[in-house]
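Please prepare a briefing on the structure shown below.

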Amino acid sequence: MIDYGALDDIYVVMSTPGKAAPAVHELVALPDGMFPGALAIAMGDSVRVVNKTRLTLTFFISGQNTDYFDEMPPLAPGAEGVVAVRAEGLLELRADENENFVAPILSGKDFLVRRVKSGDEYAFMNVPPGPYHLTFWYWRLGRLDSDVTAIANQSVRKDAVLAVDT
């Protein structure tokens with residue numbers, strides 16, 4: 001059962017050529033799983049994993065529809081490690097030692113990303129006028145793709161509803 005009003009890992013992604021320098025996104029391994037539960041990032045961005053468990057864990061990122069695989073050195077309790085994501089598509093970060101530590105990752109070229117909660121607003125500021133592609137993504141519901149055209153000196157509103165039947 002999904003409580004649509006309480007989702008907090010919804011991502012709004014704008015594909016835009018000339019994205020800013022690579023960013024670092026954090027995932028925290030807690031005793032009961034990963035936080036946040038998913039990430040949307042640009043290809044070339046890095047994922048910092050912080051191990052806040054009592055276990056030494058070996059994390060890896062793999063592609064669901066590709067041969068992409070990148071493994072981090074084992075992280076002792078309290079340690080952290082960083083891995084750059086060099087693939088696009090739907091990926092997963094997992095731990096070898098425990099299948100409860102998993103976080104889906106949506107990666108794409110030139111992604112600008114906003115993480116929102118159900119009902120929140122988002123904004124992409126100061127983008128040049130022109131056409132853009134938007135993706136609304138929640139890992140358990142999939143994605144909804146849409147196009148939008150930015151107009152000089154104007155706000156453009158684009159709403160979407162992610163649900164099982166979309």
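What is the strand order of the open sheet of 5 strands? The order is β4-β10-β9-β6-β7, and the pairing is mixed. The model is predicted, with local features requiring pLDDT of at least 70 and side-chain atom pairs pLDDT 80 or more, while totals for chains, interfaces and linings use all residues. Numbering starts from 1 along each chain as its sequence is written, and side-chain values rest on heavy atoms, without hydrogens and water.

**Sheet**
- Strands are DSSP runs of E with at least two residues, numbered from the N terminus, and two of them pair if DSSP finds at least two bridges between them.
- At the edges stand β4 (39–42) and β7 (69–71), each of which pairs on one side only.
- Direction ignored, neighbouring strands of this sheet are turned against each other by 25 degrees on average.
- β6 (residues 59–63) pairs with β7 in the antiparallel sense over 3 bridges; serine 62 has phenylalanine 69 in β7 as its bridge partner.

**Largest pocket**
- The largest pocket holds about 870 Å³ of space, a volume being the space filled by probe spheres set on grid points joined across faces, edges and corners.
- A pocket is an open set of points on a 1 Å grid over the protein atoms alone where a 1.4 Å probe fits, with protein on both sides within 12 Å along at least five of seven lines; lining residues have an atom within 4 Å of a point.
- Of its 37 lining residues, Tyr122, Ala123, Val156, Arg157 and Lys158 are the closest to the centre.
- β1 (10–15), β12 (130–138) and β13 (142–150) are the elements that give two or more residues to this lining.

**Aromatic pairs**
- There are 5 aromatic pairs, counted for rings of Phe, Tyr and Trp (its six-membered ring) with centres within 6.5 Å; planes under 30 degrees apart are stacked, over 60 edge-to-face and the rest tilted.
- Tyrosine 11 and tryptophan 137 form a tilted pair, because their ring centres are 6.0 Å apart and their planes lie at 35 degrees.
- Tyrosine 11 belongs to β1 and tryptophan 137 to β12, so the pair ties together parts 126 residues apart in sequence.
- Tyrosine 11 is buried at 3% relative accessibility, and tryptophan 137 is buried at 3% (buried: under 20%; exposed: over 50%; partly exposed: in between; 1.4 Å probe, protein chains only).
- One aromatic cluster consists of Tyr122, Phe124 and Phe136.

**Backbone geometry**
- Phenylalanine 35 and proline 36 are joined by a cis peptide bond with omega of about -10 degrees.
- Asparagine 126 has a positive phi of about 55 degrees and is exposed at 78% relative accessible area.

Conventions. Helix = DSSP H or I, 4+ residues; strand = E, 2+ residues; numbered from the N terminus. Axes fitted to C-alpha atoms, helices over the stretch in contact; angles between N-to-C directions.
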